[in-house]
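Colleague: Could you walk me through this one, strands, helices and ligand surroundings, before I set anything up?

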Amino acid sequence: MLRAESGFSVLSDDYATDPYPYFAGLRERHPVHYEPAIDSYFLSRHQDVKRVLSDHQAFSTETLQVRAEPVMRGPVLAQMTGAEHTAKRKIVVRGFTGQALQDHVRAIHANAAELIAPFLPRGRVDLVNDFGKPLAVYVTLDVLGLDKKDWQQVADWHSGVAEFITSIVLTPERRRHCLDCAEQLEAYLVPIIEERRRRPGDDLISTLCTAEFDGIGMSNREVTALIINVLAASTEPADKTLALLVKHLVDHPEQLAQVRSDPALLPAAIAETLRYTPPVQLIPRSSEKDAEFAGTTVPAGATVFCMIGAANRDPNAFSAPDTFDIHRPDLGTARSFTAAAQHLAFGTGLHQCVGAAFARAEIETVAGMLLPLLDRVRFSPGFVYRETGLYTRGPASLSLDFAPVHEGAPRPA
Ligand code: HEM
């Protein structure tokens with residue numbers, strides 16, 4: 001077991017700057033890393049991470065009671081098991097599949113076209129802050145049926161909620177701020193929920209308000225928790241994946257040229273991005289009983305962090321794992337967005353991402369629209385690439401230059 005006294009810590013500044021160089025050493029020599037400051041265990045091997053996420057009896061989501069519930073204002077999907085989980089997951093899935101998905105794809109295209117338009121004549125955009133972040137919030141607001149005019153306010157509350165869930169260590173001041181955001185978000189949502197109960201539409205909030213579980217409708221508290229659950233789960237990873245995809249393609253001009261000339265390669269490029277740099281880097285669980293990994297015992301009641309970034313670079317799961325290659329034979333693009341995925345970017349098992357197919361459609365739509373517009377795309381002169389986040393991780397910004405477009409905005413699909 002690698003202990004802090006050996007000099008390594010996942011809480012160190014060096015690790016936060018770039019965790020990837022540490023993964024091989026962790027997997028090979030310290031597959032069970034204990035972090036005393038937060039009394040938690042970090043697992044880095046693909047097989048161990050898969051085991052934890054698949055064995056729901058031995059590893060529960062109990063830890064979310066303190067990590068998520070206070071800002072979700074109620075229990076989230078990932079905390080549920082059994083019939084309640086299956087039923088509520090099905091209800092949520094209805095909001096992103098079938099005809100709903102087709103309608104969302106049209107809205108995603110229109111939103112993306114509107115957001116990129118002002119940057120086209122300038123030939124420069126920060127793909128994260130000018131485009132990806134607002135777009136991801138717009139998309140989620142559309143799914144939920146919330147008014148886009150409120151996006152900045154909802155985005156601010158959402159970032160407080162996300163900070164609470166994804167911070168490994170939180171000061172009392174930041175904790176108070178995050179809880180304030182959650183309370184205000186709840187106060188904003190409750191009148192909308194009540195209105196949708198009276199006059200349901202075809203949005204996800206209406207579906208949640210009218211759906212029944214065991215013959216009983218959900219309370220405002222339950223609906224609120226599921227809305228915040230979807231808001232938090234869908235927004236951040238989607239915008240990070242888009243930025244990471246474009247970053248990797250700009251870094252690999254040959255693969256960029258191939259994707260440009262054959263957009264059917266986009267799903268492979270997205271799947272490889274998720275494998276190579278998963279935006280959700282850590283998934284927490286609680287051990288229900290003593291469990292042994294590589295000769296080390298993780299005691300009952302411990303918090304265990306599954307290191308998705310390290311697992312996805314495990315040579316026992318993928319050949320040449322540190323190479324970004326959209327043509328890799330072991331990628332399995334089609335299954336990459338399903339329960340059979342070999343990469344673990346969407347988790348696995350009972351709580352595997354409910355929005356994986358939606359995320360694929362979202363990113364494929366947006367990247368498919370952007371790439372033809374961003375002719376001769378490159379990093380802006382002087383731009384220094386930096387990623388942030390231990391729990392969810394992505395570029396802090398992505399300043400791109402391209403050939404200015406003067407003909408105006410792309411037309412909605
Ligand atoms: C590329 C984008 C995405 C990534 C990488 C991602 C990743 C994940 C991961 C790792 C989990 C598992 C958490 C756990 O086991 O505790 C998860 C769960 C979940 N995701 Fe996603 N997600 C993405 C997009 C989305 C989208 C677009 C939505 C909604 C439209 C969504 C909704 C959810 C929900 C509701 C859960 C909880 C499922 C459950 O507990 O049954 N995600 N996601």
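Modeller: Below we go through the sheets, then the ligand shell, then the helix packing.

Colleague: What should I know about the model and its numbering?

Modeller: This is a predicted model, in which local features need pLDDT of at least 70 and side-chain atom pairs count only at pLDDT 80 or more, while totals for chains, interfaces and linings use all residues. Residues are numbered from 1 along each chain as its sequence is written.

Colleague: OK, which strands make up the five-stranded sheet, and in what order?

Modeller: The order is 1-2-10-7-3 in an open sheet with mixed pairing; strands here are DSSP runs of E with at least two residues, helices are runs of H or I with at least four residues, and both are numbered from the N terminus. Two strands pair if DSSP finds at least two bridges between them.

Colleague: And which strands stand at the edges?

Modeller: Strand 1 and strand 3 (59-60) do, each with a single partner strand, so one side of each is left without a neighbour in the sheet.

Colleague: How do strands 1 and 2 pair?

Modeller: Strand 1 (residues 32-35) and strand 2 (residues 40-43) are antiparallel, with four bridges, and Glu 35 has Ser 40 as its bridge partner. They form a hairpin with four residues between them, and Asp 39 in the turn has a positive phi of about 45 degrees.

Colleague: What about strand 2 with strand 10, parallel or antiparallel?

Modeller: Strand 2 and strand 10 (residues 303-307) run parallel and are joined by four bridges; Tyr 41 stands opposite Val 304, and Leu 43 has Cys 306 as its bridge partner.

Colleague: Now the ligand: which residues come nearest?

Modeller: Of the 24 residues around the ligand, Ser 234, Pro 237, Gly 347, Cys 353 and Gly 355 come nearest, where a residue counts as near if its C-beta atom, placed from the backbone, lies within 6 Å. Helix 6 (82-94), helix 12 (220-251) and helix 16 are the elements that give two or more residues to the shell, and helix 12 has the largest share, seven residues.

Colleague: How does that shell divide by class?

Modeller: The shell has 17 nonpolar, six polar and one charged residues, with Ala, Val, Leu, Ile, Met, Phe, Trp, Tyr, Cys and Pro taken as nonpolar, Asp, Glu, Lys and Arg as charged, and the others, Gly among them, as polar.

Colleague: At what angle do helix 14 and helix 16 pack?

Modeller: Helix 14 (residues 266-276) and helix 16 (residues 356-373) pack at about 120 degrees with their axes 10 Å apart; axes are lines fitted to C-alpha atoms, for helices over the stretch in contact, and angles run from 0 to 180 degrees between N-to-C directions. The contact is made by Leu 266, Pro 267 and Ile 270 of helix 14 and Arg 360, Ile 363, Glu 364, Ala 367 and Gly 368 of helix 16, contact requiring C-beta atoms, placed from the backbone, within 7 Å. By class, those residues are five nonpolar, one polar and two charged.

Definitions and conventions: Contact = placed C-beta atoms within 7 Å.
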